[in-house]
Amino acid sequence: ALFFSNDGYLNLVYTFAVFGLAFGAIVSFLRASGDFMAPVRTFILFVFSAALFQGTIISKGNVEVYDPVTNRTQTVADVPDVIVLLAWLTNSVQQVAEQVSAAAIPAISYDDVHDGTLFDLLTTSIQGPLPIQDEAFFRTLKSYYSDCVFYAEAVPSNNLTFQELVHDSNDLTASFAKAAVPSGWAAWFSNGDPRTGTDSCQNIWNDRLFPVINSTTSFNAFEQSICRQEDFHPADPLQLAACREDLDRIPVEIYGQTSGDRVKHYRQVLIARALRDANFDANPAVAIQTMANVQQLSKAVGILTVFDSFGPSLRSAFLGASLVMLPVIFLFIMTPLFKKVLQIALSLFVFAALWAVLDTALDQITHVLALRAFGEIAAGGYAYNDIMTSPTASAKALASFGTMRLVSVTLATIVAVQVFQLSGAPFSAIGSQIQG
């Protein structure tokens, strides 16, 4: 739109039109050799090209861009009609691919699985910032685990075991509440007072921990941080609602819960991280080994997970680069090179459209395969071990999406070359560069 609505660019178009007419006349004169119809054909070709440019480039419309994942809409004005048409065709073909995938897997819609958003949100919620950004509160929670939970676990009448915390619990808040016994004592911390206090486990839980954990507003900043990292704009109520809808799916699809409750997930993550950090504080060697294992996994699947994150951006960048090239190549549309111009424009958009369609078609299938990485977690509970092993399973899931994106760009290259008989060299180079 910036190019095609610029007066300087239009003046450049008219200049090329004049030179194109003159050049075409010279070429036809040199080639005529008694063929008196050659100049006529050249003139007709010029008129046709000029009419095509007027009808598809000079004439403009608007494009409505809608992102179903973030529930975001944007209008792009003054777009040439040819680009509006190409956008409509590409979108229509992509919708057909979505409908075919939905018919094959009716339980999962494309909007729900788009680009592995669910797994990104899960990883960010566990490995991102603490659900409650209050250092004194978090230290008190760790102290409660180290002193009160260990104490309560040693008394059989409290019905609290480490088996429950690590493997069996469906609600870590309820499990931690069993340690709120009046006979146990622990330290508490305050941001306003550097001194450490002590109190009974019952008082610390009832007065300092549970009211904060039980309040849904305690996690507002954390929730907005998660959504923001996944390209949602929390200030927009529609986008925040879309993010919350995805977050509500985590307990159901990942942990096998009967209902979606994102706030419960925040509580589970908070308590699980307090339990983990308290154990790390007590045994730094375990912490070092755990971090080393995480780094090894990140190296193993790093390239694929990165490609999952940036694959759609690369596809959009390629489409954007193709659009940027249009103002340049369309300068030659009113010259004898107009056939080459149309072929180049067609090849670029066919490749981009095929890439997008294949990504769409494979997304839902990949989501089903990715959920298999959470098979044991979903069959278990919502306990500490389930929370802490989720990032590993999520990395494997995102790696499968990355693999799918590599497959889609490779298939797009093959189809563009073989079916549409386009030149294979540039598309093969593009596919090779994207795959590293």
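**Group meeting: burial, cores and disulfides in a predicted model**

Of the 436 residues of the chain, 44% count as buried, where buried means under 20% relative accessible area, exposed means over 50%, and partly exposed lies in between, with a 1.4 Å probe and protein chains only. What we have here is a predicted model, in which local features need pLDDT of at least 70 and side-chain atom pairs count only at pLDDT 80 or more, while totals for chains, interfaces and linings use all residues. Residues are numbered from 1 along each chain as its sequence is written, and side-chain values use heavy atoms, with hydrogens and water left out.

Let me begin with the overall picture. The chain has 17 helices and four strands; these are DSSP runs numbered from the N terminus, helices being H or I of at least four residues and strands E of at least two. The accessible surface comes to about 21800 Å², and carbon and sulfur atoms hold 62% of that; such areas come from the Shrake-Rupley method with a 1.4 Å probe, and for residues only the protein chains shown count as cover. Among contacts with a separation of 6 or more, 70% are between residues 24 or more positions apart, contact meaning heavy atoms within 4.5 Å.

I turn now to the interior. In soluble globular proteins, nonpolar side chains tend to be buried together. The largest nonpolar core in this model has 60 residues, and Tyr144 and Phe176 have the most contacts inside it. A nonpolar core is a set of buried Ala, Val, Leu, Ile, Met, Phe, Trp, Tyr and Cys residues joined through side-chain atoms within 4.5 Å.

Which residues does tyrosine 144 contact, leaving aside its neighbours within four places in sequence? They are Val149, Phe176, Ala177, Ala179, Ala180, Cys201, Ile204, Trp205 and Leu209. Serine 143 lies in helix H6 (residues 135-153) and counts as buried because its relative accessibility is 10%. Not counting residues up to four places away in sequence, serine 143 touches Cys148, Ala186, Ala187 and Phe189.

Helix H5 (residues 117-127) is mostly covered, with ten of its eleven residues buried. Among the buried residues of H5 are Asp120, Thr123, Thr124 and Ser125, as well as Leu118 and Phe119.

Next, the disulfides. A disulfide is a covalent bond between the sulfur atoms of two cysteines. How many disulfides does a search of the whole structure find? It finds two, the criterion being a pair of cysteine sulfur atoms within 2.5 Å. Cysteine 148 and cysteine 201 form one of them, with their sulfur atoms 2.0 Å apart. That pair links distant parts of the chain, cysteine 148 being in helix H6 and cysteine 201 in helix H9, 53 residues apart. The link is left-handed, with -90° about the S-S bond. Cysteine 148 counts as buried because its relative accessibility is 0%, and cysteine 201 likewise counts as buried at 0%.

A disulfide also joins cysteine 227 to cysteine 243, with an S to S distance of 2.0 Å. Here cysteine 227 belongs to helix H10 and cysteine 243 to helix H11, 16 residues apart. Why is this disulfide left-handed? The torsion about the S-S bond of cysteine 227 and cysteine 243 is about -90°, so the disulfide is left-handed. Cysteine 227 is buried, with a relative accessible area of 0%, and cysteine 243 is also buried at 0%. With the bonded cysteines numbered in sequence order, the pairing is 1-2, 3-4.

Two loop residues deserve a word on backbone geometry. Most residues other than glycine have a negative phi. Asparagine 159, in the loop between H6 and helix H7 (162-168), has a positive phi, near 55°. Asparagine 159 counts as exposed because its relative accessibility is 54%. Aspartate 231, in the loop between helix H10 (220-229) and helix H11 (237-253), has a positive phi near 75°. Aspartate 231 is partly exposed, with a relative accessible area of 45%.

Finally, the surface. Leu85, Trp88 and Leu89 make a nonpolar surface patch of about 330 Å². Patches are made of residues with over 30% relative accessible area and no salt bridge, with like charges joined within 9 Å and nonpolar side chains (Val, Leu, Ile, Met, Phe, Trp, Tyr) within 5 Å; a salt bridge is a side-chain nitrogen of Lys or Arg within 4 Å of a carboxyl oxygen of Asp or Glu. Leucine 89 is found in helix H3 (residues 81-104) and counts as partly exposed because its relative accessibility is 39%.
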